[in-house]
Every structure is written in structure tokens, then in C-alpha cells.
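Please look over the sequence and the model before reading on.

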Amino acid sequence: MDSLTQIVLGAAVGEAVLGKKVGNKAMLYGAIAGTIPDLDIFARYFTDNLTATEWHRGFSHSILFSVLFAPVFGYLISKIERKQEATWKNWSWLMFWGFITHPLLDAHTTWGTQLFWPLDLRLAYKNIFVIDPLYTLPFLVCVILAMRKKRTSPSRKKYNNLGLILSSSYLLITLILKGISYAKFINNLKEQQISYQRIDTRPSPFNTILWSAIIEQEDAYLMGEYSFFDSKPIHFKSYPKNHELLGDLSKEDKIERLIKIAENWYTVTEKEGQLYINDLRFGLMSLAPNEDKFAFSYKIVKDNNGIALEEQPKYTEGVKDIFSVLWNRIWGN
């Protein structure tokens, strides 16, 4: 999830664990704990983009990290906050829950998380977009209301618990919505007599009303959207796999690693003699009818060391139009 959401979750968890003893300091250190796992993004400054992508939501998002580093940070905080009545164990417990709830929430997004690192297993329930105002804003309001109360006030605990209950309930609801939308996609494929090998669904940006699906066929992938306000059948657009364009490049280590990251949901396109690998899991840049730019696309560049993969920048032109198309599509086809 985005940084603000993780800060809010961390603050609420910190309050639940230690707020009665140390007041807003619990929220402060809980928010810090909720932020620390995402510091793995700085790996991009020390290694190549592909390796940084592999590391993201890896070790720092694991149970092992939480177990190993909670006591370390707990010890440091106990030295900084010597005047507080909380002990090293209290601070360690707060940091553990601040650390572990971060990847537990991230597991609900499309990218997922390697909670059981070093095992090669990524949990990704794909039932919430990385930024979802309906999850974050009510939660934030409750945390702010709790923060404004004295640590001994019963209403402080009530507001904080309300935030945790609302946010957790929303996650449960999105899992139900995912199940309903999945059934709609399956029924539409059946009604349109479309054969397929596998299907993957996810919410569209910033909401859980409009859902997207990618469907694998033998030589192509289908992509479609379904809104709970739709009145027409789902339209599926086909994108050829073109995996054969890679040729011998498919055996290159970096190519194999990128395909693994994409979980084999990828197409290959060729433009002006240049090959690109597109990660389909995050869809297109826009839901506009003629859109052909994928959110995550990598150019294959040959250099002295073999090949390199350059992630293509996200274009910012027409952002207003992108949101306009998304907003209109949410309300039905």
C-alpha cells in the first residue's frame, strides 16, 4: 500500500499495543515501524532496476525480518525513551506488530509480498489497489480523533479500535467483491464461448467497483473490465503473446527473471526494431478504447555485458483524461 496508508496502520497498531502507557509516542513509533519495511525501495540506488524489483517487498516484508529486527529497534527506542514506563519488551512488541502488519496489508495488493521469505512464495490476494481512499481516509480520521484524546480517555481506545474495525471490514468486503466479479468474468467467458487456460482478476485504480481481468489463451491474452454498474456484456480485447519474438533472448538470465516476476503474464512487442516486454498484471496506462501503452513495460537493450532491461517511464500527458475515462467507466458500460 502507499506510504500514508502504512503510516496510519502503523500508528493505529502502535496505539493498540502501547497507547495506554505512552500515549501519542506509541502512534509515532508505530508509524515509523509501518514505514521501515518500504525502505527497500532505496535498493534502486545501489543496484540495477531488475534486482531492485526482485528485492522489493522481499526480506524487509517477511516474518523473519519482523522477528529479528523488532527486538533491535525495541532496544534502541527503550534507550531513547528512558523516561517512559514502557520496557524494552513493550517497545519490541510494538515494533513487531508495526512491522508484520505492513506486509500483511501489502499481501492484498496486486504486487503482493514475500511474507515467508526466504521461501520463493509471493502472497498476492489482489483485492485492493495500492491506493484506495475508502480504506485509508476513514481510518485516518479515526486515528486523528484518537490522537486528540488523552491516553487515559476511554474514547481514545474506541476511536482507534473503530479505525481498525472499519479498515479490516473493508478488506473483507473487497474479498467478497473480488469473488463476485470473478464469477461475472467466468460467466461472460462461458456465454461468449471463449476458451481459456487461466484467469487473473484485480481492482482498477482507487476503487473496488470496477474490476479488471487478464485471461490466457494459447497464443494471446484477453483483457476486460467489469463494473458492478455494468448493463452490457464484458468486452474482451485480445493481445498476442508474441513470445517467439524473443528467440534465443528467452534464455538470458535477466529475461527469465523478469518473466518470473511477471508470473508469466507478459507479451512481447516490437517497435522500430526494438523489443519490449510488457507485464500485464498492472494493465494499461488508461482504459481509453485505443490505449496500447502498458503500465509496466521494459525495453531490451544490448550492451557490453549482454543485455539490459530499461523500465519505460510512465507518461504524464493527459492525466486528467485518464482519470476522466476511469471515472466514467466505473459507473457502467
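## Helix 1 and helix 2

Is the crossing of helix 1 and helix 2 right-handed or left-handed? In this predicted model, the two helices cross in a right-handed manner. Helix 1 covers residues 3-22 and helix 2 covers residues 24-35; they pack at an angle of about 145°, and their axes lie 6 Å apart.

On the side of helix 1, the contact includes Gly10, Gly14, Leu18 and Val22. Helix 2 contributes residues including Ala26, Met27, Gly30 and Gly34. By type, the residues of this contact comprise 7 nonpolar, 8 polar and 2 charged.

## Nonpolar cores

The largest nonpolar core contains 19 residues, and Leu18, Val22, Trp91, Leu94, Met95 and Phe99 have the most contacts inside it. Two or more residues come from each of helix 1, helix 2, helix 4 (63-80) and helix 5 (88-106). Helix 5 supplies the largest share, 6 residues.

Another core, of 17 residues, lies apart from this one; among its members are Trp111, Leu249, Leu258 and Leu309. Leaving aside residues up to four places away in sequence, Val22 touches Gln84, Ala86, Trp91 and Arg151.

## Helix 7

Helix 7 (residues 154-191) has 38 residues, so at 1.5 Å a residue it should span 56 Å. The C-alpha atoms at its ends are 55 Å apart, which agrees with that expectation.

Buried residues of helix 7 include Arg156, Asn160, Gly163, Ser167, Tyr170, Leu171 and Thr174. Further along, Lys178, Ser181, Phe185, Asn188 and Leu189 are also buried. An α-helix has 3.6 residues a turn, so residues three or four places apart point the same way. After helix 7 comes Gln193, with a positive phi near 55°.

Key:
Residues numbered from 1 in each chain as written. Predicted model: local features only at pLDDT ≥ 70, side-chain atom pairs only at ≥ 80, totals over all residues. Heavy atoms only, no water. Axes fitted to C-alpha atoms, helices over the stretch in contact; angles between N-to-C directions. Helix = DSSP H or I, 4+ residues; strand = E, 2+ residues; numbered from the N terminus. Left-handed = near helix turned anticlockwise from the far one by under 90°. Contact = heavy atoms within 4.5 Å. Nonpolar A, V, L, I, M, F, W, Y, C, P; charged D, E, K, R; others polar. Core = buried A, V, L, I, M, F, W, Y, C linked by side-chain atoms within 4.5 Å. Buried < 20%, exposed > 50% of the residue type's maximum accessible area, 1.4 Å probe, protein only. Expected span 1.5 Å × (residues − 1).
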